[in-house]
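Hi,

Here is the structure we talked about. Please load it, then read my notes below.

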Amino acid sequence: MREGGQDIWWRRTGRLAALMVAAAVALAASPLLLPGVFSGRSLLGLPLGWFVFAEALPILVLIAIFWLADRQGTFDHRYDVTGTES
Amino acid sequence: MARRQAAGTYRRIAALFTSAFIVALVVLALLGHFGLPESLIGAILGAGILATVAAVGINAGTLDISEFYLAGRSVSGAANGMASAAAVMGGGIYLGLAGALLADPWTGAAITAGWSLGCLLMAVGVAPYFRKSAAFGIADFLGIRFDSGAVRIAAVVTTLLALFAALAAALAAAAFAGALLFGIPEGVALTIAVVMVLATTVLGGMRALTLTAIVQYIVLAIAFLLPPAVASYAEFSIPIPQLTFGYALDQAGFLAGLRADALAEALTGVFLPLQAGGAAGYLAIVLSVAMGAAALPHLVIRTATVPSVDQARRTAGWTLFFLLVVAMTAPTYAAFAELTILRDLRGTGLEILPDWVYRWSDAGFLTVCDGYVADGIAAIEACRNTPGFTGNLAASELAIGKDLLVFAAPEIFDLPYVGSALIAAGALTACVAAAGAIAFTMASAVGNDFYGGVINPRASAGRQMIVTRVLLIVTVAAGTAAAAWRPDDAYGFALAALGLSAGGLFPAMLIAVWWKRANAAGAIAAIGTGTLVTALIALEYRYPGTLQLGAFNPSPLGLTELTAALVGAPAGLAAGVLASLATAPPTADDNALVDAIRRPGGTPFVQEIESR
C-alpha cells in the first residue's frame, strides 16, 4: 500500500468523521438554540423540538454509525489499508 | 473457526436464557395469582437470576491471558454492544434517567442525546484505533502510543479517580435493589452483590464479564420494558409505550391545566448559570456526556474484544442501540406515572391513598405535603396547614424521589407483585453488571497497565493474571467499604465518572490518534491538567466553599460534576498541545507507530506478554 495512498485515506477518514460529528452536534443544538422553529408543532403528542432532541437525534445517530462503518469500510478497501490481521 | 464458535456461544446463551426467563416469569405470575406469597416470588426470581449469572461466570473461568483480558477477541459487535450497554447502564441510567425526566424532561433528554453523540465519537474517533492496538486498557493504549511509563501512570490514576466513586455507587444501588427484592437488610444484600461481582470477574475476567453481561442485559431489558408496556396497553390498547407516551403526557397536561407546549418553556433566554435550565445548560450536558462516554474506561476497554476494526466501529452502534432500548423507554415511566397520579390519585382522600404511597413515604423516598407519612393520619397532619386544604390529595402535594420512580412504577401502574420483583431484579443485575465492569477495568489498569507495563514488564502471563485477580478482590473490597458508608446519590457519582473521563482522558485519547505531533510530555500535560481542573470544579460543586478559589470560583458558571468537563477538557487539550509543541518532536519511528495505529489492517502491535 503506497504511503501517498494512506495520506489520502486518512484525510478522507478525518473528513468523514468531522462531518458526522458536526452534523450530529448541529442537530442536537438546533432545537435548543432555535426553539422558535419548532414551537407550536407536535409529533406523536410530543412538542416537535423535544421530539427532535430526545427521539429523532438518537435514532439518526444510530443509523449514522452503521452507515459510517459501511462507508469507512469502502474507503479502507479502496485505498488498500485493510490487509490481513494476525 | 474459533471465533465463529464463540459467536455461536453468545447467541445460544442469549436465546436459551431469554426463552427460559420469559417462561419463568409467566409461571411466577400465575403462581402469584393463585396465592404464592410475595416474599417467595421475589426470592425465587432473584435467586434464579443470581444463580444463573454466577454459574455462567464461574463456568467461564480461564487461564488464557487473551481470554481473560480480551475475551479472546472473539465477541461479535452485537454481543459486545449488549454487554457494553449492560456495563454502563448501572444505577445512573436504569434508575436515574426516568426520575431525571420526571424532574426536567430536557435534562433527561440531554443525557440520552449525549450518550448518542458519545457512541458516535467512539465509533469515529476512539474504538477503531484502540482495537487496532489490541491494548488491554486506556492506560495501556496511551503507554504504547507514547512509549512512556509516566503516561501510563497518569492514565491509571485518572482511571481510578473516575471510576472508584462510580463503583461504590453501583454497589450501594445493588444493595438497595437486592434488599427490596429479597426483603433482607441492605448489609446482607450488599454481601450478595459483592459475591456476584466476584463470581463474574475473578475466574473468567472479560470472558466471564461478557457472557454474564449478556444474561444481565436480557433481565434488565425485559424488566424495564414490561411495566410501561402494560400501562400503555391499558391506556391506549398499544403495548409500545415509546409511541404512546406523548399522548399520555398530553392527557396529563390537560388534567394539570398545563399548556401543550410546556416542554418548550425551559429554553427561552437563559444562558448562565448553566444549571438554570437554559439552552446552554442542556447543550453543556450533551457535550460533557458525549466526551465522557467516548473515553469511559470500562466502555472503551470492551472495544478490544471484537475480532476486527470494522466490528469495533459497529460495536459502538450496537452499544447505542441496546442503550436506547432503555433510554427511550425511560420517558414513558415519567409520562404514565404523571397521568396515573393526576387521574387516579388527585382528589383522593388523604386517609385512603394506595398502600404504596404510605410505604415509600415511610421509607423516605416520597413526600406528601413535603413530609414523610406512614399512614393516612400522618398524611392529613402533614397537609393540614397547606393553602386550600380539603382533606384530599392535590397533585402538587405528592413528590416522588427521582431514584424511586422506576421501583414504584409497577405499583403506580397497578401491576401484580411479580412486576415489582422484576424491576428490583433488573436494577440488581444492572448494578452488578456495572460494578463488575468497573472493578475489572480498575484492577486491569493496575494489574496489567501499571504492574505489567511499568513495574515488571517481564512478568509472565500467569503472574499478571494472578496480580489482576488479587487486585479485583482488593478493589471490590474497597468499593464495598465505600458503599457501606452509603453514598445516596448513585446518579451524581455516575455523572462524576463521565465528567472525569471527559476532562482527564478524552483530550489525551484525541491527540494520541489525531495529532502526530503529540508526544509523551503533551499526553501527561493533557491528562494531568484535564483531570485536575475537572476534579477541582466537581469538588467545589459538591462541597461549596471548600477550596477557597476566590476569583477562580466556577460557581457563577453553574458547572456541575458533569459539566466541569466543559472547562477541564479544553484545558487538558490546550495543555497537551502546548506541552507537545514546547518539547522535542516525535521521531520517525513514533510517526510510523501512529500510522500503524490508524491503519485498520496489519498486525496489532501490542506486545504480547508471552514474547516478553
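A crossing is called right-handed if the near helix is turned clockwise from the far one by less than a right angle, and left-handed if anticlockwise. Keep in mind that this is a predicted model.

Helix packing first. The crossing of α16(B) and α18(B) is right-handed. Helix α16 spans residues 355-362 of chain B, and helix α18 spans residues 405-412 of chain B. Their axes lie 10 Å apart, at an angle of about 160 degrees. That is over 145 degrees, so α16(B) runs roughly antiparallel to α18(B). On the α16(B) side, the contact uses W356(B), R359(B) and W360(B). They meet F407(B), A408(B), E411(B) and I412(B) of α18(B). By type, the contact residues are five nonpolar, two charged and no polar.

Next, the cysteines. How many disulfides does the structure hold over all chains? One. C369(B) and C383(B) form a disulfide, with 1.9 Å between their sulfur atoms. The link is right-handed, with 100 degrees about the S-S bond. C369(B) sits in the loop between β1 and α17 of chain B, while C383(B) is in helix α17, 14 residues apart. Both C369(B) and C383(B) are buried.

C119(B) is in no disulfide. C119(B) is buried at 2% relative accessible area. C431(B) is buried too, at 1%.

Last, I466(B). This residue is in helix α20 of chain B, residues 461-484. At 54% relative accessibility, I466(B) is exposed.

Best wishes

Definitions and conventions: Residues numbered from 1 in each chain as written. Chains lettered and ligands numbered in written order. Predicted model: local features only at pLDDT ≥ 70, side-chain atom pairs only at ≥ 80, totals over all residues. Heavy atoms only, no water. Helix = DSSP H or I, 4+ residues; strand = E, 2+ residues; numbered from the N terminus. Buried < 20%, exposed > 50% of the residue type's maximum accessible area, 1.4 Å probe, protein only. Axes fitted to C-alpha atoms, helices over the stretch in contact; angles between N-to-C directions. Parallel < 35°, antiparallel > 145°, perpendicular 65-115°, else oblique. Contact = heavy atoms within 4.5 Å. Nonpolar A, V, L, I, M, F, W, Y, C, P; charged D, E, K, R; others polar. Disulfide = S-S within 2.5 Å.
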